[in-house]
Amino acid sequence: MPVKEIVDEASHAMAKAFDHVQNQLAKVRTGRASASMLDSVKVEYYGEPTPIGQVGSISVPDARTIVIQPWDRTVLGPTEKAILAANLGVTPQNDGQIIRISVPPLTEERRKDIVKQCKKIVEDGKLAVRNVRRDANDDLKKAEKTEHFSEDDRKRGEDDIQKHTDKYVKDLDTILGAKEKEVMEE
């Protein structure tokens, strides 16, 4: 396998790890209403678990409220049950037309716990990026012997992989800082 291919595969794997961390952080409740809080909620709709976004429209009229407007009123009850079952720490209110969710403000202690949770998610992401780097470097060493390319080519490949690793670790630190700031705001 050529050096460029190994580097490209490593970069792609690191990008996937970064995207996964971003998705995990988006699900973390920050005390602000966000439609992404409901991404993992599945509603029983005609016997099938269906993502909540496919049974109605979700809007966020203010920083503390989420409104779900189902396209079919018969799904109001199952939607309410699904939100409660998802254990998001919120209680939906069904008025027969829409479901309104009030997101309570977080206590200082809870905010610190959430920041710890975010740090763990990011640390796991950094570990994944570093594991990709290790595996790619191992692949380069094996390929150097089997493909008979030069040691210089291998070292250039390792340098490229290290640059990608540094970039993704820095980007992970950046999104952690932004999430930490978002969580600690009142």
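Leaving aside neighbours within four places in sequence, with which residues is Thr-79 in contact? In this predicted model, the partners of Thr-79 are Val-43, Ile-52, Val-55, Ile-68 and Ile-99. Thr-79 belongs to helix H2, which spans residues 76-85. The relative accessible area of Thr-79 is 0%, and the residue is therefore buried, the cut-off being under 20%.

An α-helix has 3.6 residues a turn, so residues three or four places apart point the same way. Just after H2, Asn-87 adopts a positive phi of about 55°.

A positive phi is also found at Tyr-46, a residue other than glycine, where the value is near 50°. Most residues other than glycine have a negative phi, and most peptide bonds are trans. Tyr-46 is located in the loop between S1 and strand S2 (48-51). With a relative accessible area of 69%, Tyr-46 is exposed, since the cut-off for exposure is over 50%.

Thr-91 is placed in the loop between H2 and strand S5 (92-94), whereas Pro-92 is part of strand S5 itself. Thr-91 has a relative accessible area of 52% and is exposed; Pro-92, at 5% relative accessibility, is buried. Apart from neighbours within four places in sequence, Thr-91 makes contact with Arg-100, Ile-101 and Ser-102. Under a corresponding exclusion of residues up to four places away in sequence, Pro-92 touches Glu-80, Ile-83, Leu-84, Ile-99, Arg-100 and Ile-101. A C-alpha separation of 9.6 Å is found between Thr-91 and Pro-104, which are 13 residues apart along the chain. Between Pro-92 and Pro-78, 14 residues apart in sequence, the C-alpha to C-alpha distance is 12 Å.

Two packed helices are described by the angle between their axes and the distance between the axes. Helix H1 (residues 3-27) and helix H3 (residues 108-147) have axes that come within 9 Å and cross at roughly 170°. H1 and H3 are therefore roughly antiparallel to each other, as angles over 145 degrees are so classed. On the H1 side, the contact is formed by Val-3, Ile-6, Ala-10, Ala-13, Met-14, Ala-17, Val-21, Gln-24 and Leu-25. On the H3 side, the contributing residues include Cys-118, Ile-121, Val-122, Gly-125, Ala-128, Val-129, Val-132 and Arg-133. By class, the contact of H1 with H3 has 17 nonpolar, two polar and two charged residues.

Helix H4 (residues 151-184) comprises 34 residues and extends 49 Å from its first C-alpha to its last, close to the 50 Å expected at 1.5 Å a residue. The axes of H1 and H4 are 10 Å apart and form an angle of about 10°. H1 is thus roughly parallel to H4. Residues of H1 in this contact include Val-7, Ser-11, Ala-15, Phe-18, Gln-22 and Ala-26, while those of H4 include Asp-153, Asp-160, His-164, Tyr-168, Asp-171 and Lys-179. The contact of H1 with H4 consists of 14 nonpolar, five polar and four charged residues.

H4 also packs with H3, at an angle of about 170° and with the axes 10 Å apart. H3 and H4 are therefore roughly antiparallel to each other. The residues of this contact fall into 14 nonpolar, five polar and 15 charged. The buried residues of H4 pack against H1 and H3. Among them are Gly-157, Ile-161, Val-169, Leu-172, Ile-175, Leu-176 and Val-183. Residues with charged side chains are also found in the buried set of H4, namely Arg-154, Glu-158 and Lys-179.

Notes: Residues numbered from 1 in each chain as written. Predicted model: local features only at pLDDT ≥ 70, side-chain atom pairs only at ≥ 80, totals over all residues. Heavy atoms only, no water. Axes fitted to C-alpha atoms, helices over the stretch in contact; angles between N-to-C directions. Helix = DSSP H or I, 4+ residues; strand = E, 2+ residues; numbered from the N terminus. Parallel < 35°, antiparallel > 145°, perpendicular 65-115°, else oblique. Contact = heavy atoms within 4.5 Å. Buried < 20%, exposed > 50% of the residue type's maximum accessible area, 1.4 Å probe, protein only. Expected span 1.5 Å × (residues − 1).
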